[in-house]
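The entries follow in the order I made them.

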Amino acid sequence: RRLYGSKTFFNNISLLKPASIYQINRNFTSKVNFWIPRYDNFISFDEAYITLAENLVKSTSRFINEYDSSSLLLSGGLDSRALLSASKPKFCITVCPSKNNEADIAEILAKKADVPFKFILSKDKVFDNILDQIVCETDGEYSLVNTSFYRYKDEFQKLSKQFMLGLFLDVLFGGLYLPKSKLKLYGVDTTVNILDKIKDNPADYFINNVKYRMKNYNMNTIIKSEYVSSLYSVMHDEIKEHFLVAAEGTNNIYSQWESLHLSPMSRHYSYAMVKSIESFSPCAIPAFDNNLLNLSIKMHPKHKLNSSVYKKAIKYLNPKLMDVLNANSNTRADHNEYISTLLIFSKKIFRKMFKIDLKLPPRGSDRSWLSPSKLIEKNFSIRQEILDLKNSNIFDDLDIIDNMKIKDLIYEHFNNQKDHSILLLHLLTINIFFRNIFK
């Protein structure tokens, strides 16, 4: 589901440690770390939101000032809205499969911020004829789902020289990967997040509960049964080691948990968006800022859990942007989780009783991206590569992979028995990467 630390697909190759300066010559290699996580007492709510607002301005201004023509890729959620509250980009650009709810909310945000808005229709066929190139340029590490900006060079470069993304702000300040559950009301999920109690071994709990993509799959899905136990032990020991290292800096189990997502963040699957834009233009991620990383570590997990500090910081910078709906819930962005829940439940009741058309939380078609299954359906080269996995020499050579299980997954997917899109796209990526390495 993702790689951690310095591990790569190759036994004898490691990733250079991030936030480090290396000096390499024939005789020796030296390394200096210019940022390491430093844990201390948690700061107050008020100090947190004011510091976050100030550092968002500082971080975005570095990129706005560096290029006269920096534009923001704007969605209807909080992350790009946070960057818009802290900066004045040349354009706000929204890419969607239709002029849907997400695009409408983004356009309202741009108008409130007095920034010109540009809507670009998503392209269905983005991978044909360049599939190998995309996989190699992204190191075979990311699923193709997030690499679809490769075909937007002409449209983007007509507007700007550089682009900003709001990626990872939700990880740092919205508690995206904290171990949490939705509070239920009469058996129905609300929008209120509550922290899970991490029981027993944190490594086991992390492996079984972290909310990455493909959480419905495990090793038994594609691994030969005789290897599952030993491979699980290896994975467990590596995750346990991460927790032990984190425990040297903090005794807060939730801070330890979050530290794994900083190991490093560029290995998260959404970083493929950055890679795809960098294939033709500079791409700035203001979240990758030492001051913001330090602040995230100092914030109490309960202040991240429902984005309370995060929302307050955006409102502090530009209150008008928080009057607008959040495309994730279709309730006002400045509403807290309890008011949002009340409004959503009330809308559902009124809609059912009085047949009134009220905006409820969005469907997939109301968001920014084509679904993984649509991506496969629309791109012939992807479909063919997936079908060819049944006869992959790469997987044949990897003794741990059960090819019959892969064939069953492909059969179930293409016969509409079960949607295995994300897993198949990931397997496809690995297969193409190794095929190009060893050809």
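Entry 1. I looked up Lys315 and found it partly exposed, with a relative accessible area of 35%. This is a predicted model, so I keep that in mind for every entry. The side chain of Lys315 forms a salt bridge with that of Asp334, at 3.0 Å from N to O. I then checked where the two residues sit. Lys315 belongs to helix α13 (residues 308-317), while Asp334 is in the loop between β11 (331-332) and α15 (337-354). They are 19 residues apart, and the pair links distant parts of the chain.

Entry 2. I turned to Glu385 and Arg435, whose side chains meet in a salt bridge of 3.0 Å, N to O. Glu385 is part of helix α17 (residues 380-388) and Arg435 is part of helix α20, so this pair ties together parts that are 50 residues apart in sequence. Is Glu385 buried or exposed? I wrote down buried, because its relative accessible area is 13% and the cut-off for buried is under 20%. Arg435 counts as partly exposed, at 32% relative accessibility.

Entry 3. I looked up Glu155 and Lys123, and their side chains meet in a salt bridge too, at 2.8 Å from N to O. Glu155 lies in helix α5 (residues 153-157), and Lys123 lies in the loop between β5 (117-121) and α4 (131-137). The pair therefore ties together parts that are 32 residues apart in sequence. Glu155 is partly exposed, with 26% relative accessibility. For Lys123 I also noted 26% relative accessibility, which counts as partly exposed.

Entry 4. How many salt bridges does the count come to? I recorded 18.

Entry 5. I moved on to the second largest pocket, which holds about 1,900 Å³ of space. I counted 47 residues in its lining. Arg1, Arg2, Leu3, Met219 and Met235 are the ones that lie nearest its centre. The elements that give two or more residues to this lining are α7 (202-209), α8 (225-247) and α20 (421-437). Of the elements, α8 gives the most, with 8 residues. I sorted the lining residues by type and got 28 nonpolar, 12 polar and 7 charged.

Definitions and conventions
Residues numbered from 1 in each chain as written. Predicted model: local features only at pLDDT ≥ 70, side-chain atom pairs only at ≥ 80, totals over all residues. Heavy atoms only, no water. 1 Å grid on protein atoms, 1.4 Å probe; cavity = no way out; pocket = protein on both sides within 12 Å on 5 of 7 lines; lining within 4 Å. Points joined across faces, edges and corners; volume = space filled by probe spheres on them. Helix = DSSP H or I, 4+ residues; strand = E, 2+ residues; numbered from the N terminus. Nonpolar A, V, L, I, M, F, W, Y, C, P; charged D, E, K, R; others polar. Salt bridge = Lys/Arg side-chain N within 4 Å of Asp/Glu carboxyl O. Buried < 20%, exposed > 50% of the residue type's maximum accessible area, 1.4 Å probe, protein only.
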